[in-house]
Amino acid sequence: MGSMFRSEEVALVQLFLPTAAAYTCVSQLGELGLVEFRDLNASVSAFQRRFVVDVRRCEELEKTFTFLQEEVRRAGLVLPRPEGRLPAPPPRDLLRIQEETERLAQELRDVRGNQQSLRVQLHQLQLHAAVLGQGHGPQLATAHTYGASERTPLLQAPGGPHQDLRVNFVAGAVEPHKAPALERLLWRACRGFLIASFSELERPLEHPVTGEPATWMTFLISYWGEQIGQKIRKITDCFHCHVFPFLEQEEARRAALQQLQQQSQEMQEVLGETERFLSQVLGRVQQLLPPAQVQVRKMKAVYLALNQCSVSTTHKCLIAEAWCATRDLPALQEALRDSSAEEGVSAVAHRIPSRDMPPTLIRTNRFTASFQGIVDSYGVGRYQEVNPAPYTIITFPFLFAVMFGDVGHGLLMFLFALAMVLAENRPAVKAAQNEIWQTFFGGRYLLLLMGLFSVYTGFIYNECFSRASSIFPSGWSVAAMANQSGWSDAFLAQHTMLTLDPNVTGVFLGPYPFGIDPIWSLAANHLSFLNSFKMKMSVILGVVHMAFGVVLGVFNHMHFGQRHRLLLETLPELTFLLGLFGYLVFLVIYKWLHVSAASAASAPSILIHFINMFLFSHSPTNRPLYPQQEVVQAMLVVLALAMVPVLLLGTPLHLLCRHRRRRRRPTGRKQEDKAGLLGLPDASVNGWGSDEEKAGGLEDEQEAELVPSEVFMHQAIHTIEFCLGCISNTASYLRLWALSLAHAQLSEVLWAMVMRIGLGLGREVGVAAVVLVPIFAAFAVMTVAILLVMEGLSAFLHALRLHWVEFQNKFYSGTGYKLSPFTFAATDD
């Protein structure tokens with residue numbers, strides 16, 4: 001089978017890398033992404049490994065890159081994507097990159113510091129000029145003191161008792177939200193012996209740090225006495241006020257204001273030159289940073305991979321172990337040969353046996369990636385286990401469509417997915433960062449098939465936005481019923497509901513060519529008919545799906561050499577499943593084909609027959625479907641019950657017998673078998689069965705002891721899980737019926753409560769056109785929000801559960817781990 005149906009064969013290889021060419025070889029392997037390195041220094045601390053100094057240098061460079069990237073983002077610029085694929089640079093280039101980066105970072109720090117200093121100085125000059133030009137001076141003559149009369153003179157006449165006191169001033173600016181508290185505190189601390197004037201600036205000033213416009217309150221305080229002046233200065237310092245010198249003479253203030261304005265203009269010119277130089281430095285950062293980031297990340301990844309290698313005793317080469325797909329071994333050899341040719345030495349790779357389970361490698365493309373993701377979300381498959389993804393490509397969209405069957409809704413989903421598929425190569429679509437969009441875009445092919453299958457099942461259900469369509473002529477004729485049943489006017493007046501009798505000649509002309517006959521949408525028992533149809537359809541699909549999962553387990557048993565499980569597990573499981581629930585499917589299909597319209601009234605109940613089958617009884621009122629039905633049913637129940645002890649005891653007894661035969665072999669024979677096994681080139685491929693088989697296999701030194709209690713316990717759990725799971729899993733498939741009916745009824749309610757009311761509001765063309773616009777808009781929004789998004793998500797989750805629990809647990813363990821090759825692909829992206 002191909003790699004999509006089963007994981008690829010993976011081998012453990014040992015690489016001998018000459019010290020001079022080790023960096024080049026690992027770098028080339030990172031570009032190809034062929035191998036997954038194993039850590040041979042797991043017991044060595046990360047600080048004691050050989051290339052820890054180089055890793056630290058790369059990490060220091062990454063910190064510098066982060067600083068430069070933040071500065072570029074702070075300036076509102078965008079880093080361009082590096083052009084082309086950049087290889088990992090030689091180790092000697094690390095010093096050059098480090099010097100250029102450090103020089104740019106230091107230059108950027110200096111320019112940023114100068115710019116910040118100039119901005120602070122300019123802000124101080126602007127605040128000082130605003131304080132001097134705010135006009136507090138002329139108001140001092142008319143300002144009033146707290147608690148004094150308005151006509152009291154501001155200054156005492158010369159020669160008075162206070163002739164030695166001198167009026168002092170404190171001027172500055174404070175943030176607006178601090179001004180009221182500052183004013184109250186000044187009044188209480190100075191007991192009113194001051195004159196304070198506060199005024200808000202008309203034009204906001206740019207904040208020196210954030211660069212955003214900020215408003216300020218300027219103040220001018222006049223006071224007497226040195227002690228009050230000390231209090232005022234301490235209070236303004238506590239409020240982080242900007243205090244500036246204030247001259248008493250108006251002429252001097254004007255001269256100072258002109259000087260401040262001139263200094264501000266000069267400072268703005270210097271700041272402009274600084275910002276232009278800063279833009280030049282950032283331009284150089286934009287050119288250097290993207291390629292340097294990619295190169296340093298690759299270099300760091302190479303050194304981390306080299307730290308996982310061990311050093312030979314002669315210190316002339318590094319020894320590495322790696323997992324590699326068997327089909328990639330020639331490419332690995334060629335890459336090592338080309339990488340080490342320049343150094344005059346050759347790197348060697350050879351395959352070695354391993355007792356560890358290899359990783360799982362399944363190659364995917366754009367189409368299969370989303371389906372493989374569904375399987376891996378349950379668990380990564382065991383090495384070379386049957387992969388459910390190829391079958392999920394068909395079964396998952398189909399089971400979803402069974403619950404979501406509607407031509408209109410499926411077509412909308414299909415067109416949405418088709419638009420994403422057609423635009424998948426556009427850079428803007430790939431670069432979108434919205435998480436919800438990325439989720440939809442990643443599953444675009446899954447949505448495409450889900451919508452396509454929903455259109456198919458919608459035609460089967462004959463539903464398009466909950467409305468039936470007459471693609472073909474109906475198979476029922478009302479005219480024949482009216483002509484042959486004698487329906488008079490009086491009879492029609494008394495009976496509002498009429499029943500079509502298929503036994504009357506000409507009433508039923510034959511089955512509808514495809515899907516449900518549209519006449520059922522007019523029937524009063526429409527819901528009852530669909531209930532019966534979809535419930536039986538769900539049981540049939542569920543039994544077929546589970547049986548297919550059991551059959552897939554055959555390929556696992558054959559591949560892992562566990563042929564005894566075919567007779568001791570697979571055959572009893574199929575017998576138990578098909579003997580009980582497969583027989584139920586047979587009864588449904590037999591009744592569909594055997595019971596005609598003439599005998600439909602007296603048709604037996606399948607449910608009663610199935611209950612009587614387990615009770616070994618019969619109902620006199622429920623006639624059998626075929627002769628000797630009770631005997632056949634009793635034999636099937638006995639056969640199914642007989643399979644339970646086979647499932648419970650067969651495999652453990654076989655393993656115990658095989659274990660005893662191995663222990664009775666001569667010692668020489670054991671050593672020969674062990675040597676032969678270790679000599680196989682594909683020894684890492686065989687020997688991974690179930691847990692009890694691994695317990696009974698050969699270890700590296702001696703044959704492991706088989707613990708009977710563990711084997712019997714494991715098999716008992718498996719038997720109980722399967723037998724009870726057949727019952728619960730079959731009932732679980734009834735969610736197909738329930739969600740299908742729920743979707744149909746929600747569509748019907750939405751149509752009846754919105755569109756039907758809107759269509760009945762206006763009969764005239766103009767009125768109908770005006771009314772239908774908002775009605776149709778509401779119908780479209782609710783259709784997308786409720787039926788497509790909510791119902792679609794619900795059907796998706798239920799289909800996911802049917803595959804994980806009901807289907808995959810029949811053959812899929814999901815206990816493996818992925819092959820994670822050493823690659824630079826993520827770094828390039």
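Colleague: Which residue in β7 is the bridge partner of Ala171?

Modeller: Leu220 is the bridge partner of Ala171. Keep in mind that this is a predicted model.

Colleague: And how many bridges do β3 and β7 share?

Modeller: Eight bridges pair β3 with β7, in the antiparallel sense.

Colleague: What about β4 and β7, how many there?

Modeller: Seven bridges, again antiparallel. Within that pairing, Ala196 has Ile221 in β7 as its bridge partner.

Colleague: Which strand order does the sheet have?

Modeller: The order is β4-β7-β3-β8. Four strands make up this open sheet, and their pairing is antiparallel.

Colleague: Which strands stand at the edges?

Modeller: β4 (194-200) and β8 (242-244) do. Each has a single partner strand, so one side of each is left without a neighbour in the sheet.

Colleague: How are neighbouring strands turned against each other?

Modeller: By 20 degrees on average, with direction ignored.

Colleague: Back to β8. How many bridges pair it with β3?

Modeller: Three bridges, in the antiparallel sense. β3 covers residues 167-174. Look at Gly172, which stands opposite Val243 in β8.

Colleague: Which strands does helix α4 touch?

Modeller: Helix α4 (residues 179-190) packs on the sheet and touches β3, β4 and β7 (217-224). Its direction makes about 175 degrees with that of β4.

Colleague: And α5, which strands does it lie across?

Modeller: Helix α5 (residues 226-238) lies across β3, β4, β7 and β8. Against β7, α5 runs at about 160 degrees.

Colleague: Is β7 mostly covered or mostly open?

Modeller: Mostly covered. Seven of the eight residues in β7 are buried.

Colleague: What comes just after α1?

Modeller: Gly33, with a positive phi of about 65 degrees.

Colleague: Last one, α23. How far apart are its end C-alpha atoms?

Modeller: They are 34 Å apart. Helix α23 (residues 735-759) has 25 residues, and at 1.5 Å a residue these should span 36 Å, which agrees.

Colleague: Where does α23 bend?

Modeller: At Ala752, by about 35 degrees.

How values were computed:
Residues numbered from 1 in each chain as written. Predicted model: local features only at pLDDT ≥ 70, side-chain atom pairs only at ≥ 80, totals over all residues. Heavy atoms only, no water. Pairing = 2+ DSSP bridges. Helix = DSSP H or I, 4+ residues; strand = E, 2+ residues; numbered from the N terminus. Axes fitted to C-alpha atoms, helices over the stretch in contact; angles between N-to-C directions. Contact = heavy atoms within 4.5 Å. Expected span 1.5 Å × (residues − 1). Bend = angle between axes of the 7 residues up to and from the residue. Buried < 20%, exposed > 50% of the residue type's maximum accessible area, 1.4 Å probe, protein only.
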